[in-house]
Amino acid sequence: MPRILLIDDDEHLAAPLTTYFARFGCTLESAVRPSEGLAKLRAGTYDAAILDVMLPEMDGFALCREIRKESDIPIVMLTARGEVMDRVVGLELGADDYVPKPFEPRELVARVQTILRRQRSVPQAVINGTQHRVFDGLSIDLDRRQVLRHGERVELTGTEFELLALLAAEPGKVFSRDDILNRLRGHEAELYTRAVDIVVSRLRKKLEPLDCIKTLRNAGYALAVARSEPA
């Protein structure tokens, strides 16, 4: 049963959401303060976290940043007004999705379920049954969802891994933003283009000093790195 942590200072929100998530086979636990939530994340094993943007002690963006220093757990942000800038900032910090308040509980459950399926699944981009892709300086294990850069493990969020797996399926092929969005579904139309650019930027930074994701202006992105045989 998936275990989800909600960090939101609205004490009246946790109880009904806990009951609702249970109907869909998920255990929802809650914390009302960021310090409490961080302690729970460090002490236990969770499959996803839901963060409100407006929190005491530190806001949800700062909390997301702190979590990303230690974990690649999927994160869904709850934005108070659904403002585009709130969503952009959350994505830049490593959030996987966002849900504007007020929201329907079923929508939140659906977003979490989508992220969990994406996290557990073998990428659809796998071709020819190959589960391990090896390039110069870069190794991608699709079964274990692990990435090595020059032999050192790179911690990626589920969204970042999905993007890399898609590009690695056909090295050199240019994937348009629409191609990528069909894979990284879940974001609203007004943020589509910006969301793709943000995830690509995050992935590039984590893969440094490798410079393997190329931008083709007005076309899209491609993985430009030589393939090598697994050892």
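View 1. With a relative accessibility of 3%, I198 counts as buried, where buried means under 20% relative accessible area, exposed over 50% and partly exposed in between, computed with a 1.4 Å probe on protein chains only. The residue sits in helix α8 (residues 192-207); helices (H or I, at least four residues) and strands (E, at least two) are DSSP runs, numbered from the N terminus. Leaving aside neighbours within four places in sequence, I198 is in contact with V88, L91 and E92, contact being defined as heavy atoms within 4.5 Å. I198 and L93 lie 105 residues apart in sequence, while their C-alpha atoms are 9.3 Å apart in space. This is a predicted model, in which local features need pLDDT of at least 70 and side-chain atom pairs count only at pLDDT 80 or more, whereas totals for chains, interfaces and linings use all residues. Residues are numbered from 1 along each chain as its sequence is written, and side-chain values use heavy atoms, with hydrogens and water left out.

**View 2. The open sheet of five strands.** The strands follow the order β2-β1-β3-β4-β5, with parallel pairing; two strands pair if DSSP finds at least two bridges between them. Because β2 (27-31) and β5 (97-100) stand at the edges with a single partner strand each, one side of each is left without a neighbour in the sheet. From one strand to the next, the twist averages 20°. β1 and β2 pair in the parallel sense over five bridges, and L5 has E29 in β2 as its bridge partner. Four of the five residues of β1 are buried, and the strand is thus mostly covered.

View 3. Strand β4 (residues 75-79) pairs with β5 in the parallel sense over four bridges, and V76 stands opposite D97 in β5. Helix α1 (residues 11-23) lies across β1 (3-7), β2 and β3 (48-52), and runs at about 165° to β2; for such angles, axes are lines fitted to C-alpha atoms, for helices over the stretch in contact, and the values run from 0 to 180 degrees between N-to-C directions. Helix α3 (residues 60-68) also packs on the sheet, where it touches β1, β3 and β4, and its direction makes about 170° with that of β4.

View 4. At 1.5 Å a residue, the 12 residues of α6 (residues 158-169) should span 16 Å, which agrees with the 16 Å between its end C-alpha atoms; the expected span is 1.5 Å times one less than the number of residues. Since 12 of the 12 residues of α6 are buried, the helix is largely enclosed by the rest of the structure. Among these buried residues are F161, L163, L164 and L167.

**View 5. The nonpolar cores.** The largest nonpolar core has 28 residues, and those with the most contacts inside it are L138, I140, V147, L164, I213 and L223; such a core is a set of buried Ala, Val, Leu, Ile, Met, Phe, Trp, Tyr and Cys residues joined through side-chain atoms within 4.5 Å. At least two of its residues come from each of β7 (138-141), α6, α7 (177-183), α8 and β11 (220-223), and α6 supplies the largest share, seven residues. A second, separate core of 24 residues includes L38, L51, M77 and L91.
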